[in-house]
There are 2 protein chains.
Amino acid sequence: MPYGEVLSALADPTRRNILEALCAGPMTVGELAATQPVSRPAVSQHLKALGAANLVSVEPRGNRRLYSIRRDGLQELRWYLERFWSDVLSAYGAEIARRAKPEKESP
Amino acid sequence: MPYGEVLSALADPTRRNILEALCAGPMTVGELAATQPVSRPAVSQHLKALGAANLVSVEPRGNRRLYSIRRDGLQELRWYLERFWSDVLSAYGAEIARRAKPEKESP
DNA sequence: CCTTACCGTAAGGCATGACTAACGGAAACG
DNA sequence: CGTTTCCGTTAGTCATGCCTTACGGTAAGG
């Protein structure tokens, strides 16, 4: 269940901010940390979690490391949510039908 | 940012199980706890968190309390993810364009 | 009434997580 | 080379989260 890691990663506000900051384009850890109210090692750890969830990717650029958004994690979560959504909808349909004709329940 | 609470609520596996169990129809806390490997008070606390995220709703039925799935929380998260998704896509487009013609950057 | 069933809440323990400060390694730069 | 920059990792602290046990309160049932 890869969407579990994605949900855990997205549950943290700082990680969401980092991800949204990466929407502007690939950035180094230093640039990324400058946009956040936490220290650089904290950003580094968050990036590790985001990478484990397939939400970011790294590319060493000489001395620095360039982080970019990766669609895989989000895609995974989207699929899970869509499946969940249709399950909920069908559950609602079944519930309406159950409430509409309860004669079958107590003959 | 209501999706924050939704993400935090969905980050816990037990809460996801509870929610998926509720797809089969409204259930009481006792029935719900019987499907989970944790105690009944634990389920009660999880239901509190799910309610705060607009993922479940309660309806007192005499002695017991009937919990049902609520679409609002999921809808909220879906919207957030879709907006995020399009942002990521446009960021990719901008990045491709940036990589295609870097002449403007260093004249 | 008294009992039983069902449930929410409080208190406490235990694990997990987020953050900082400090260290160490690798690349660029003189 | 020595230095500086950039970064990941570690150790340690502090807060948060999840769980259980125990308690109190309300509704049904004899």
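A polar contact is a pair of N or O atoms within 3.5 Å; within protein, one must be able to donate a hydrogen and the other to accept it, and residues adjacent in sequence count only if both atoms are side-chain atoms. Across the interface of chain B and chain A, the rule finds four residue pairs in polar contact, both residues at pLDDT 80 or more.

This is a predicted model: local features need pLDDT of at least 70, side-chain atom pairs count only at pLDDT 80 or more, and totals for chains, interfaces and linings use all residues. Residues are numbered from 1 along each chain as its sequence is written, chains are lettered from A and ligands numbered from 1 in the order in which they are written, and side-chain values use heavy atoms, without hydrogens or water.

Stay with the protein–protein interface. The rule also finds two salt bridges there (a side-chain nitrogen of Lys or Arg within 4 Å of a carboxyl oxygen of Asp or Glu). Glu82(B) pairs with Arg78(A) in a salt bridge, with the closest N and O atoms 2.7 Å apart. Helices and strands here are DSSP runs, numbered from the N terminus (helices H or I, at least four residues; strands E, at least two). On the side of chain B that touches chain A, α1 (2–10), α2 (13–21) and α5 (71–100) of chain B each supply at least two residues. The largest share comes from α5(B), with 18 residues. By class, that side divides into 19 nonpolar, four polar and 10 charged residues. Nonpolar means Ala, Val, Leu, Ile, Met, Phe, Trp, Tyr, Cys and Pro; charged means Asp, Glu, Lys and Arg; the others, Gly among them, are polar.

How much area do chain B and chain A bury between them? The figure is about 3,100 Å², 68% of it on carbon and sulfur atoms. Buried area is the accessible area (1.4 Å probe) that two parts lose on being put together, summed over both. In chain B, the biggest losses to chain A fall on Arg78(B), Phe84(B) and Trp85(B), together 21% of what that side buries.

Sugar and phosphate make up 63% of the atoms of DNA strand C that come within 4 Å of the protein. For Gln45(A), a polar side-chain atom lies 3.5 Å from a base oxygen. α4(A) gives the most to the surface near DNA strand C, four residues.

Note on methods
A residue is near a molecule or strand if one of its heavy atoms lies within 4 Å of it.
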